[in-house]
Amino acid sequence: MTTSAEVHFVRTHFNEQSPPPMRTSGIVHWLQENLFSSVLNSVVTLLILFGLYKIVPGLVDTLILNAVWVANDSKACVADIVGHPVGVCWGFVAAHWDYFVFGQYPETLRWRPELFFALEVIGLAWLLVQRIPRKDLGMIYFFIVFPIVGFCLLSGSETLGIPTVQTHYWGGFLVSIVIGTVGIVVSVPLGILLALGRRSHMPVARSSSVVMIEFIRGVPLITVLFMANVMFPLFVPEGWRPDSLLRVLVGVALFFSAYMAETVRGGLQAIPRGQYEAAQALGLGYWQMMIKIILPQALKIVIPGIVNNFIGLLKDTTLVAIVNIFDFLKVIEASLNDPVWRTSGMPFAGYLFAAIVYFILCYGMARYSMSVERRLATDNRH
Amino acid sequence: MKKIIAAAVVAAASFGLVTAASAGTLDNVKAKGQVVCGANPGTAGFGVPDQKGNWTGLDVDYCRAIAAAIFNDPTKVKFVPLSSKDRFTALASGEVDVLIRNSTWTMSRETTLGVIWAGINFYDGQGFMVNKKLNVKSAKELAGATICVQQGTTTELNLADFFRSNKLEYKVVTLGTSEEALKAFDTGRCDAYTTDRSGLAADRLSMSKPDDNVILPEIISKEPLGPLVRQGDDQWLNLVKWVHFALLTAEEDGITSKNVDEKVKSDDPELKRVLGTEGKFGESLGLSNAWVVQIVKGVGNYEEIFERNVGPNTPIQLARASNALWSKGGLQYAPPIR
């Protein structure tokens, strides 16, 4: 006879956890929770699926499967000539690639803008990638060394023995990036100064900041560009006429500084009075207080606004086309008029390419700013 | 907008700013080492960047011809692409030395904007394009047709004039831009599409089925296009004018970029005058006496320029028509170099 002692069971190890039932986890649960949680949602989901089913295959066909990747002229992209349906004519973009990137920059000297792009990428990576050390050197490099070296590279310098390339040869992506970079590099510091000036108690600093911000914000960018390029030469003697790209760069930089100033001012206003008083109680002077206490907090708050300005700036660089600077979008448009390439389908390829490039740049900036916000999210969050 | 610009130009001119800038353009050009041309920002056949970004076109080659005449180097040019609304301001303000940007020569432009035309390098005029299916051979058969046209242009007014003077009924569809008007025609909203003939040829290429459409022979308006300069600098005006005449004379005398070296050796008195082995015609313009040789070597004669950019072997396929030499039934006529 066995005793109860012999049948007792002592568990020596835990059972492995069994997975939760299918109804509360896994793909079925996820589907139920997110796509089919109610009758209405189910209907919407089915409608969207149906829509995707209708659109996606055609899109893949147009963009990839039927697309023409290599073409010497528009004939390779006309369905009636090649005898099968033709999607996007990427061959147009491929054939014009160098022109889209460098504009009319002399072919033998294109290593210079290439080096410029490389230097810019190095500078951006140095400042933006967290793991790379010595941010202080990075700042000096990007805001002082890079602009000088970049300028000498692109436009050349007689004294250094680099052949000069006048700015009317610059074009395409190169010019868009130059305008965007100058806009960003100038508008941040200038915008901060204007914002501080506007909140200053010194009457001259305050009123001149207010006048400048309100005057520039009060007119459209197109007007600024038009004044800089068309009206300005009427009022100065011939020898005094700066380069037309330079005039546009100054116009763009001032314009976005005014917007940046208002964004930064929003951040300054969000800092509680106690922060200022605490800094003053520690005996810090105005600039120390601003640089060490106020601005780091204020700028952190307005990162979304600043990046919003950057994205707006990058896209607004396309407006320089109206003063006949051949930026990225304008070179594509100009190429569409080339009789060798002129067909009904070509604008689609050109504009789609432009849209993709601008999207990558702007979305990249937006994603990076979100990661910065997360990294700096130390307080003020309850 | 136009009025404001015109007013600004006039105001600046009255302050003496513009006239100060326009004196001695040739000396300025020589000092700068390049001719600054107001150019077209993108019209097929007249001024358009090719695959590598080099500017090509009839107007572009005229600019190169001026550079070749002055510097013996057709590449010493700077193109400032100008939109139609700021082109005259740019010329008046001295931003460009010469404007060669298919600009129509009209009386009001010459009398109010402070500019002066140096010649007509392309006789253009408004025409019609119809679908082949209509089986129409002449614009006068377009009675009752629906016609697509761009809004607010002289094109629209010419259209009305033409149909009224021929006592024909028509319906008009006006659209905001030339692209929209072309699109409407392409999708069958209209029976015919009208714009300048040089534009028609290029527009035909952007249609979904270019070969299904034909351009009708009638020209219903005068659109003389040509290079223009600022008023008040006759030396520069003469130079631009005679570069144009030199291109025509070279064609007339059979001087091409290929045979110019042989022709220089010729004993023919006309050729000797034109090619500068006799007389001082180049010097009187402030150039070297071999100026015509330089031009023809650099860009060819008028025929070569025409055939290269807009002629029957290009996608634009324009016939010489009014732009043939006077001796061949056209309107292009150059006074003699003597």
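Chain B meets chain A through 39 residues of its own and 37 residues of chain A, where contact means heavy atoms within 4.5 Å. This is a predicted model, in which local features need pLDDT of at least 70, side-chain atom pairs count only at pLDDT 80 or more, and totals for chains, interfaces and linings use all residues. Residues are numbered from 1 along each chain as its sequence is written, chains are lettered from A and ligands numbered from 1 in the order in which they are written, and side-chain values use heavy atoms, leaving out hydrogens and water.

Together the two chains bury about 3,000 Å², with 52% of it on carbon and sulfur atoms; buried area is the accessible area (1.4 Å probe) that two parts lose on being put together, summed over both. The rule finds 2 salt bridges across this interface, a salt bridge being a side-chain nitrogen of Lys or Arg within 4 Å of a carboxyl oxygen of Asp or Glu.

| Pair | Type | Distance |
|---|---|---|
| R247(A) and E95(B) | salt bridge | 3.5 Å |
| Q297(A) and Q275(A) | polar contact | 2.9 Å |

A polar contact is a pair of N or O atoms within 3.5 Å; within protein, one must be able to donate a hydrogen and the other to accept it, and residues adjacent in sequence count only if both atoms are side-chain atoms.

Q297(A) is partly exposed, at 23% relative accessible area (between 20% and 50%, 1.4 Å probe, protein chains only). Besides Q275(A), Q297(A) touches I271(A), not counting residues up to four places away in sequence.
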